[in-house]
Amino acid sequence: MEDKTCPFKIILGSSSVARRKILSEMGYEYTLMSADIDEKGIRKENPEELVMALAEAKADSIISKLQTINNQEKDEIPTVLIAADTAEAILQRLPIGDYVKEVESTLLITSDQVVVYEGVVREKPANEKEAREFIKGYSGGHAATVGSVLVTNLKTGFRKGEWDRVEIYFHEIPHEIIEKLIEEGTVLNVAGGLIIEHPLIKPYVKQVVGTTDSVMGLPKALTEKLIKEAL
């Protein structure tokens, strides 16, 4: 990993451990924020539109949260102007572009991912039963991940996003491996219950047409490209 000294800051709008790991591997330092949105309330006809809409909703939610935090901080620490024998509190309301003033720009990165299996979009499994059904379906077959990356420059307002698709082919996955995955629990927290980098499932991955980092939730090449375009 190469540390990158950048004239900008990054906010990663995700609670995903995998995305944090990938961004760190890219050499970037960042702060974390999570979005408060109802993902189930956002529906689109195709997976590409869906992951883009969710990434945009996450960005909008975090920007709103930043504006609220910014305003609260200004309320708590007002600037005091002494004029004659009166003191007047000047309550500043800074735009989001001034959220971080000591650097040139702050980039917000948001993303989303779904799994597509036999033409059907799969998000995080609702329970162990659904996760088990998902993984059994992948055994001896194949699925695809569709993931989005959206980069917003909080100073300029520039925003651009794209999506990436990866096809994954599996060998037969033994029943006992599926049960161990369910018991371990990580598969319950990822789209489609699909986690090809897990030591238990890795030996049963036959072929990946695309990049593993994209399957994990943050394609490095696409993220790097969008960061450069946003500056």
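Strands β7 (residues 142–153) and β8 (residues 159–170) form a hairpin with 5 residues between them. G157 sits in that turn and has a positive phi of about 85°. Strands and helices here are DSSP runs, numbered from the N terminus: E for strands (at least two residues), H or I for helices (at least four). This is a predicted model, where local features need pLDDT of at least 70, side-chain atom pairs count only at pLDDT 80 or more, and totals for chains, interfaces and linings use all residues. Residues are numbered from 1 along each chain as its sequence is written, and side-chain values use heavy atoms, with hydrogens and water left out.

**Strand pairing**

Two strands count as paired if DSSP finds at least two bridges between them. The pairs below involve β5 (residues 105–117) or β7.

| Strand pair | Bridges | Direction |
|---|---|---|
| β7 and β8 | 11 bridges | antiparallel |
| β5 and β7 | 10 bridges | antiparallel |
| β1 (residues 8–12) and β5 | 5 bridges | parallel |
| β5 and β6 (residues 120–122) | 3 bridges | antiparallel |

V116 in turn has V121 as its partner in β6. Elsewhere on β5, S111 is bridged to V149 of β7, and T106 is the β5 partner of K9. β5 and β6 form a hairpin too, with 2 residues between them. E118 in that turn has a positive phi of about 50°.

**Burial in the strands**

Buried means under 20% relative accessible area, exposed over 50%, and partly exposed in between (1.4 Å probe, protein chains only). In β5, 13 of 13 residues are buried. In a regular strand the side chains alternate between the two faces of the sheet. Both faces of β5 are covered. One side carries S105, L107, I109, S111, Q113, V115 and Y117. The other carries T106, L108, T110, D112, V114 and V116. β7 is mostly covered as well, with 11 of its 12 residues buried.

**Helix α4**

Which residues of helix α4 (residues 175–184) are buried? They are I177, I178, L181 and I182. Seen down the axis of α4, these residues fall within an arc of 140° (taken from the directions from the helix axis to the C-beta atoms), so they line one face of the helix. Their cover includes α3 (128–138), where contact means heavy atoms within 4.5 Å. Just after α4, G185 takes a positive phi of about 100°.

On a 1 Å grid over the protein atoms alone, a cavity is a set of points where a 1.4 Å probe fits but cannot get out; a pocket is an open set with protein on both sides within 12 Å along at least five of seven lines. Lining residues have an atom within 4 Å of a point. Grid points are joined across faces, edges and corners, and a volume is the space filled by probe spheres set on the points.

The whole structure has 2 cavities of 30 Å³ or more. The largest cavity holds about 50 Å³. Its lining includes I135, Y138, F170 and L181.

The largest pocket holds about 810 Å³. It is lined by 30 residues, and S16, R19, K124, N189 and V190 lie nearest its centre. α1 (17–25), β5 and α5 (212–216) each supply at least two lining residues. α1 gives the most, with 4.
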